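This report describes a predicted model of a protein chain. It begins with a feature of the surface and then turns to annotated spans and the overall fold.

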Amino acid sequence: MKLKHAIFIILAILIIDQVSKIYIKTNFILNESVDVFSWFKIYFIENNGAAWGAEIPGVYGKLALTLFRIFAVFGIGYWLISSIKKQRHPILITSISMILAGALGNIIDSVFYGVIFDHSYNNVATPFSEQPYGTWFHGKVVDMFYFPLIDTTLPEWLPIWGGNRFQFFEPVFNVADSAICVAVGLLLMFNKKAFPKEEKITEQI
């Protein structure tokens with residue numbers, strides 16, 4: 001698999017990711033949702049931290065997270081180029097490309113959105129606003145895909161959790177997150193092809 005193919009995958013995911021985020025940001029109020037199906041909603045939230053909404057405490061927590069993501073992207077980029085030069089399996093190169101694109105997609109939000117958009121509380125955000133909601137490296141990641149496949153109350157007789165609300169699948173995510181998850185899934189499913197034993201690689205060379 002050639003570098004140009006990897007670049008195509010990265011650009012395609014980035015474009016879809018950013019177009020979807022900008023559309024949601026400029027057409028939805030924060031926490032607004034639209035039912036596509038009973039089990040699938042477009043639900044606009046903003047993630048101020050890491051995966052699953054976790055946050056790093058402290059004044060510089062968000063900055064540290066964004067800088068970590070940027071350094072991680074350089075490492076993933078090196079892994080991608082190295083894998084292409086070594087002519088690794090297309091599944092590995094495709095997966096790395098998807099992970100890189102997903103990481104870049106969320107980094108764009110974190111680095112730029114804070115100075116491009118105003119806030120989304122009770123109003124639709126305006127791009128290139130004179131009153132942006134944040135600063136450089138302090139933007140919030142836009143999420144919108146929500147799949148509440150199960151939303152029920154657990155039976156009272158169940159120990160500990162009885163009577164509590166149970167939701168599956170609860171996290172809200174975006175195209176960039178999806179790309180990363182699909183890539184990890186591919187690596188797990190095709191582990192032997194993506195990471196063949198060294199002796200097999202030597203034989204092929």
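## Nonpolar surface patch

A nonpolar patch on the surface is formed by Val 36, Phe 37, Trp 39, Leu 149, Ile 150, Phe 166 and Phe 168, whose accessible area together is about 650 Å². At least two residues of this patch come from strand S1 (33-37), and at least two from strand S5 (165-168).

Ile 150, one of the patch residues, is located in strand S4, which covers residues 150-153. Ile 150 is classed as partly exposed because its relative accessibility is 38%, and the partly exposed class lies between under 20% for buried and over 50% for exposed.

## Annotated transmembrane regions

An unreviewed UniProt entry carries the annotation "transmembrane region" for residues 63-81, 93-116 and 171-190. In the model, residues 63-81 are 100% helix and 0% strand, with 28 Å between the end C-alpha atoms. Residues 93-116 are likewise 100% helix and 0% strand, and here the end C-alpha atoms are 33 Å apart.

## Overall architecture

The protein chain contains six helices and six strands. Read from the N terminus, the order of elements is α-β-β-α-α-β-β-β-β-α-α-α. The C-alpha trace extends about 60 × 55 × 35 Å along its principal axes.

Of the 205 residues in the protein chain, 38% are buried. The accessible surface amounts to about 12600 Å², and carbon and sulfur atoms account for 67% of this surface. Among contacts between residues at least 6 apart in sequence, 63% link residues at least 24 apart.

Key. Residues are numbered from 1 along each chain as its sequence is written. This is a predicted model: local features need pLDDT of at least 70, side-chain atom pairs count only at pLDDT 80 or more; totals for chains, interfaces and linings use all residues. Side-chain values use heavy atoms; hydrogens and water are left out. Patches are made of residues with over 30% relative accessible area and no salt bridge: like charges are joined within 9 Å, nonpolar side chains (Val, Leu, Ile, Met, Phe, Trp, Tyr) within 5 Å. Accessible areas come from the Shrake-Rupley method with a 1.4 Å probe; for residues, only the protein chains shown count as cover. A salt bridge is a side-chain nitrogen of Lys or Arg within 4 Å of a carboxyl oxygen of Asp or Glu. Helices (H or I, at least four residues) and strands (E, at least two) are DSSP runs, numbered from the N terminus. Buried means under 20% relative accessible area, exposed over 50%, partly exposed in between (1.4 Å probe, protein chains only). UniProt positions are given in the numbering used here, feature names are shortened, and annotations may be inferred rather than shown by experiment. Contact means heavy atoms within 4.5 Å.
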